[in-house]
Structure formats: C-alpha cells, structure tokens
Amino acid sequence: MKLLSGISLLFILLSTSLFANQEQSREQLAWQMIHQDALIIDNRTAKEYAQGHLTNAINIPFDLAVKQFNALEIRKNRHIVLYCRSGNRSGKALKSLSQAGYTKLHNGGGYKALISAKEKQ
C-alpha cells in the first residue's frame with residue numbers, strides 16, 4: 001500500500017513539474033495551467049460556488065469528485081486544477097482522484113488566493 005501511495009505521489013509530482021519551476025506558488029502554477037486550458041474544478045459547496053467562482057470552473061464538491069468525474073467521463077490524463085476555500089478540500093479531492101487513476105492534477109489552493117495571484121499577473 002505504501003508503494004502504491006508513493007507511486008501516486010510520484011505521478012502527481014511529475015505531472016505538475018511539467019508546468020512548474022521552484023519559484024512559482026501553487027496559485028501561479030494553477031494560473032499557468034489554466035492558461036494552457038486545464039479543466040478548472042471548484043471543490044466547494046454549491047452555496048460557496050454561487051457566491052463567486054473562477055470563470056469556467058465546474059462545481060464538484062470534494063466528496064463527490066471521483067463519482068462526478070466518472071459520470072462526466074473526464075479523461076484520466078486531462079490537466080486539472082482543483083481549488084476550494086483554503087486548499088484543504090481540493091487536497092482531499094486530489095488524493096481521491098489520484099487513487100482513482102487521474103494523473104495530471106494540481107491543487108490550486110484557495111479561491112481568494114487564486115484571485116489575488118491573478119491580479120498580480
């Protein structure tokens with residue numbers, strides 16, 4: 001089981017390293033991926049999403065991620081940026097999606113931090 005977790009982590013690190021250098025924040029990396037047509041997933045509740053979200057983001061609460069990705073037939077090798085309020089729920093979604101075989105995932109962190117990073121571009 002530890003080997004499988006290690007392999008999953010390696011896939012995550014390798015997929016995000018294609019976009020990153022060591023000086024980028026996770027928010028900056030998220031915007032770089034978004035500008036390269038990554039799918040944007042908001043892992044907050046429907047109520048939080050309705051109060052404001054990133055343009056083109058799809059609302060999929062973190063605990064429904066694997067089920068909804070399967071239902072939407074999202075390719076397992078698609079570049080995907082996940083975010084929530086703080087990065088915690090998107091981290092949980094990333095973990096469950098990684099365990100389900102999705103390989104090009106990035107936790108963009110929190111909504112407000114992403115907005116702030118975009119304004120600094």
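Select Arg44 and the residues around it: beyond its neighbours within four places in sequence, Arg44 is in contact with Tyr49, Gly52, His53, Asn59, Pro61, Tyr83, Cys84, Arg85, Arg89 and Tyr111. Keep in mind that the model on screen is predicted.

**Stop 1: Arg44**

Arg44 sits in the loop between strand S1 (39-42) and helix H3 (46-50). Is Arg44 buried or exposed? Its relative accessible area is 6%, so Arg44 is buried, the cut-off for buried being under 20%. Show the side chain and look for two polar contacts of Arg44. One joins the side chain of Arg44 to the side chain of Asp42, at 2.7 Å. The other runs from the side chain of Arg44 to the backbone oxygen of Gly52, at 2.5 Å.

**Stop 2: the whole chain**

Zoom out and colour by secondary structure. The chain has six helices and four strands. Read from the N terminus, the order of the elements is α-α-β-α-β-α-β-α-β-α. Of the 121 residues in the chain, 40% are buried. Contacts between residues at least 6 apart in sequence can also be sorted by separation: 65% of them join residues at least 24 apart.

**Stop 3: helix H2 and the residue after it**

Select helix H2 (26-35). Which residues of H2 are buried? They are Glu27, Leu29, Ala30, Trp31, Met33 and Ile34.

Move on to Asp37, which follows H2 and lies in the loop between H2 and S1. The phi of Asp37 is near 70°, a positive value in a residue other than glycine. Most residues other than glycine have a negative phi. Asp37 is exposed, with a relative accessible area of 61%.

**Stop 4: Ile40 in strand S1**

Ile40 is placed in strand S1. With a relative accessible area of 5%, Ile40 is buried. Which residues does Ile40 touch, not counting those up to four places away in sequence? The answer is Ile34, Leu54, Thr55, Asn56, Ala57, Ile58, Val81 and Tyr83. To check one of these pairs, draw a distance between the C-alpha atoms of Ile40 and Tyr83: the two residues are 43 residues apart along the chain, and the atoms are separated by 8.0 Å.

**Stop 5: Asn56**

Asn56, one of the residues touched by Ile40, lies in the loop between H3 and strand S2 (58-59). Its phi is positive, near 70°, and Asn56 is not a glycine. Is Asn56 buried or exposed? Asn56 is exposed, because its relative accessible area of 66% is over the 50% cut-off.

**Stop 6**

Select Tyr83. Leaving out neighbours within four places in sequence, the contacts of Tyr83 are Ile40, Ile41, Asp42, Asn43, Arg44, His53, Leu54, Ala57, Ser90, Gly109, Tyr111 and Leu114.

Now widen the view to the core. The largest nonpolar core has 15 residues, and Leu54 and Tyr83 have the most contacts inside it. Which elements supply at least two residues each to this core? These are H2, strand S3 (80-84) and helix H6 (111-119). H2 gives the largest share, five residues. A second, separate core has 13 residues, among them Ala65, Ile80, Leu82 and Leu94.

**Stop 7: where H2 meets H6**

Show H2 and H6 together. Their axes are 9 Å apart, and the two helices pack at an angle of about 70°. H2 and H6 are therefore roughly perpendicular to each other, since angles of 65 to 115 degrees count as such. On the H2 side, select Glu27, Ala30 and Trp31; these meet Ala113, Leu114, Ala117 and Lys118 in H6. Glu27, Ala30 and Trp31 are also among the buried residues of H2.

**Stop 8: helix H5**

The last selection is helix H5, residues 88-99. H5 has twelve residues and spans 17 Å from its first C-alpha to its last, close to the 16 Å expected at 1.5 Å a residue. Which residues of H5 are buried? Arg89, Ser90, Ala93, Leu94, Leu97 and Ser98 are. In an α-helix there are 3.6 residues a turn, so residues three or four places apart point the same way. Just after H5, Gly101 takes a positive phi of about 105°.

Note on methods. Residues numbered from 1 in each chain as written. Predicted model: local features only at pLDDT ≥ 70, side-chain atom pairs only at ≥ 80, totals over all residues. Heavy atoms only, no water. Buried < 20%, exposed > 50% of the residue type's maximum accessible area, 1.4 Å probe, protein only. Polar contact = N/O pair within 3.5 Å; in protein donor to acceptor, adjacent residues only side chain to side chain. Contact = heavy atoms within 4.5 Å. Expected span 1.5 Å × (residues − 1). Core = buried A, V, L, I, M, F, W, Y, C linked by side-chain atoms within 4.5 Å. Axes fitted to C-alpha atoms, helices over the stretch in contact; angles between N-to-C directions. Parallel < 35°, antiparallel > 145°, perpendicular 65-115°, else oblique.
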